[in-house]
Amino acid sequence: MSRLKYFWEIHRSKIIGWIFFIIVLVSACIGIYFLNVMTTKADAIDAEFEDKEVPLLKVEEENILEAVEDSEIKYKVDVKGKVKKEGVYELEEGKRVIDAINAAGGLSKDADVSVINLSKKVIDEMVIIVYSKDEVKNFTKTLEEEIVKNEKCANFDKLQNDSCIGEENKTSSVDGKISINSSSVEELMNLTGIGEAKAKAIVEYREKNGEFKKIEDVMNVSGIGQALFDKIKDNITI
């Protein structure tokens, strides 16, 4: 028996064990190597994907914000008068009159906002007029005069007190007579024999042909003849 064969017979189990151990160790090393390679490639792919995905997310986020901003209700308001910059301004829903005035640069030195509700919410196509101190003073004075005048005339016959006759009545009644050129349908109906139809006919005639030149011209109106004219001639004027 040769020495090699003798050595094999004696140490065969150990040799086989070492060979098996070496095979397992080499296999483990190869497995670890390929696992590291695959992990490295996966990380590289993830990194590349993240680099491409982040900008997309940012773009989507910006688009969402723009969509939200566009969905907000906005009103256009015209600001006039005693402000530094008159014009049409766009305001978000819920803004107040004071916000519109501030958008127009604020108030001028002679502005008076005592007759304006600065806390009122604006609406679309709203017109805000800021008056001067003199304008507010003048129409406040006029309002007070009208209140006093109405109180004096409340229980008084307007036909007997000229100070209680409104401007529209002063032009339609002269010396107690009714003007066929300026009286309303209701006023013309106070004449004897003039009902609603004939009163409307008088108004329509003068609107179409111009003012009457003399009271006799009223007979040109359809339905008004000599007999009816004789009844009303003492109570009418041009």
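**View 1. The largest nonpolar core of the predicted model.** Within this core of 18 residues, Leu188, Leu191, Ile194, Ile202, Val218, Ile224 and Ile236 touch the most other members. A nonpolar core is a set of buried Ala, Val, Leu, Ile, Met, Phe, Trp, Tyr and Cys residues joined through side-chain atoms within 4.5 Å; buried denotes under 20% relative accessible area, exposed over 50%, and partly exposed the range in between (1.4 Å probe, protein chains only). Two or more residues are contributed by each of helix H5 (185-188), helix H6 (196-209) and helix H7 (226-232). Helix H6 supplies the largest share, four residues. Helices (H or I, at least four residues) and strands (E, at least two) are DSSP runs, numbered from the N terminus. The model is predicted, with local features requiring pLDDT of at least 70 and side-chain atom pairs counting only at pLDDT 80 or more, whereas totals for chains, interfaces and linings use all residues. Residues are numbered from 1 along each chain as its sequence is written, and side-chain values use heavy atoms, with hydrogens and water left out.

View 2. Leaving aside residues up to four places away in sequence, Ile194 touches Leu188, Met189, Ala199, Ile224, Leu228 and Ile232; a contact means heavy atoms within 4.5 Å. A second, separate core comprises 16 residues, among them Tyr89, Ala100, Ile116 and Val130. In soluble globular proteins, nonpolar side chains tend to be buried together.

**View 3. The aromatic pair of Tyr205 and Phe212.** The structure holds one aromatic pair. Because the ring centres of Tyr205 and Phe212 lie 5.4 Å apart and their planes meet at 10°, the pair is stacked. Rings of Phe, Tyr and Trp (its six-membered ring) pair if their centres lie within 6.5 Å; planes under 30 degrees apart count as stacked, over 60 as edge-to-face and the rest as tilted. Phe212 counts as buried, at 4% relative accessibility, while Tyr205 is partly exposed, with a relative accessible area of 23%.

**View 4. The open four-stranded sheet.** The strand order is E2-E1-E4-E3, with mixed pairing; two strands pair if DSSP finds at least two bridges between them. Strand E2 (87-92) and strand E3 are the edge strands, each pairing on one side only. Strands E1 and E2 run antiparallel and are joined by six bridges, with Glu92 in E2 as the bridge partner of Lys74. Strand E1 (residues 74-81) pairs with strand E4 (residues 126-132) in the parallel sense over five bridges, and Gly81 stands opposite Val130 in E4. Strand E3 (residues 111-112) pairs with E4 in the antiparallel sense over two bridges; here Ala111 stands opposite Ser132 in E4.

**View 5. Confidence along the chain.** The mean pLDDT (the predictor's confidence in each residue, from 0 to 100) is 77, and 68% of the residues reach 70 or more.
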